[in-house]
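Hi,

Here is the structure I promised to pass on.

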Amino acid sequence: MIKRTLVIIKPNAVKDKNVGKIINRIEETGFIILGIKMIQLSREEAESFYYVHRGKPFFKDLIDFMTSDKCITMVLEGNYVITNIRNFVGDTDPEKAKKGTIRYEFGDDLSKNAIHASDGIETSKFEVNFFFPEFSWETGKL
Ligand code: ATP
Ligand code: MG
């Protein structure tokens, strides 16, 4: 079943000049990039985007980090793309991520793990719509 998902290349990967390598992996793995933009999140945007983590001990550090520099946001499309991209990205903690995954290769530590990917259908609908209303599951052609 064709689905869409939201990926963010996080500020550490942008600063480390790993954007090209990560996008190359995404394309070589066969994911289709429907939309892409470079943005710097405001605190308000980052807090809304990560609202599920509000109140958790790492929330402030997460927002500080995500607003510290530019990110690349993108919408990907493909069969089972939500599950497939989570496997491609790897464990949240780069030290636990399997060899060959993006976080294994480009993540610095748990808080600077290089990449974000939506974790399910409902999250993906919210997150795609958040950055790319033009590719929203509701209005876009699927
Ligand atoms: P993401 O949402 O960024 O794709 P994830 O879905 O693998 O990551 P979440 O549980 O949604 O993991 O956590 C969001 C982000 O918050 C993680 O990517 C990580 O950087 C940070 N984070 C999660 N748990 C912790 C923790 N215990 N300590 C510090 N940072 C954490
Ligand atoms: Mg998550």
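**What I found**

Let's start with the ligand. One thing to keep in mind is that this is a predicted model. In it, an oxygen atom of ligand 1 sits 3.0 Å from an N or O atom in the side chain of Arg86. Tyr50 does something along those lines too, with a polar side-chain atom 3.1 Å from an oxygen atom of ligand 1. With Leu110 the backbone is involved: one of its polar backbone atoms is 2.8 Å from an oxygen atom of the ligand. How much of ligand 1 does the protein cover? On its own the ligand has 580 Å² of accessible area, and the protein covers 76% of that.

As for where it sits, ligand 1 takes up the space of the largest pocket. Around it are 13 residues, and the closest are Lys10, Thr92, Leu110, Asn113 and His116. If you sort that shell by type, you get five nonpolar, five polar and three charged residues.

Most residues other than glycine have a negative phi. Lys17 is not a glycine, yet its phi is positive, at about 60 degrees. You'll find Lys17 in the loop between helix H1 (11-15) and helix H2 (19-28). Is Lys17 buried or exposed? It counts as exposed, because its relative accessibility is 70% and the cut-off for exposed is over 50%.

Tyr80 also has a positive phi without being a glycine, in this case near 50 degrees. Its place is the loop between strand E3 (71-79) and helix H5 (81-89).

- Pro11 and Met66 are 55 residues apart along the chain, but their C-alpha atoms are separated by 6.5 Å. Pro11 is part of helix H1. At 1% relative accessibility Pro11 is buried, because anything under 20% counts as buried.
- Glu95 and Leu110 are 15 residues apart in sequence, with 7.9 Å between their C-alpha atoms. Glu95 belongs to the loop between H5 and helix H6 (102-106), and with a relative accessible area of 74% it is exposed. Leu110, its partner here, is also among the residues closest to ligand 1.

Cheers

How values were computed: Residues numbered from 1 in each chain as written. Chains lettered and ligands numbered in written order. Predicted model: local features only at pLDDT ≥ 70, side-chain atom pairs only at ≥ 80, totals over all residues. Heavy atoms only, no water. Near = heavy atom within 4 Å. Polar contact = N/O pair within 3.5 Å; in protein donor to acceptor, adjacent residues only side chain to side chain. Areas by Shrake-Rupley, 256 points an atom, 1.4 Å probe, with all protein chains shown as cover. 1 Å grid on protein atoms, 1.4 Å probe; cavity = no way out; pocket = protein on both sides within 12 Å on 5 of 7 lines; lining within 4 Å. Sits in = over half its atoms within 2 Å of the grid points. Nonpolar A, V, L, I, M, F, W, Y, C, P; charged D, E, K, R; others polar. Helix = DSSP H or I, 4+ residues; strand = E, 2+ residues; numbered from the N terminus. Buried < 20%, exposed > 50% of the residue type's maximum accessible area, 1.4 Å probe, protein only.
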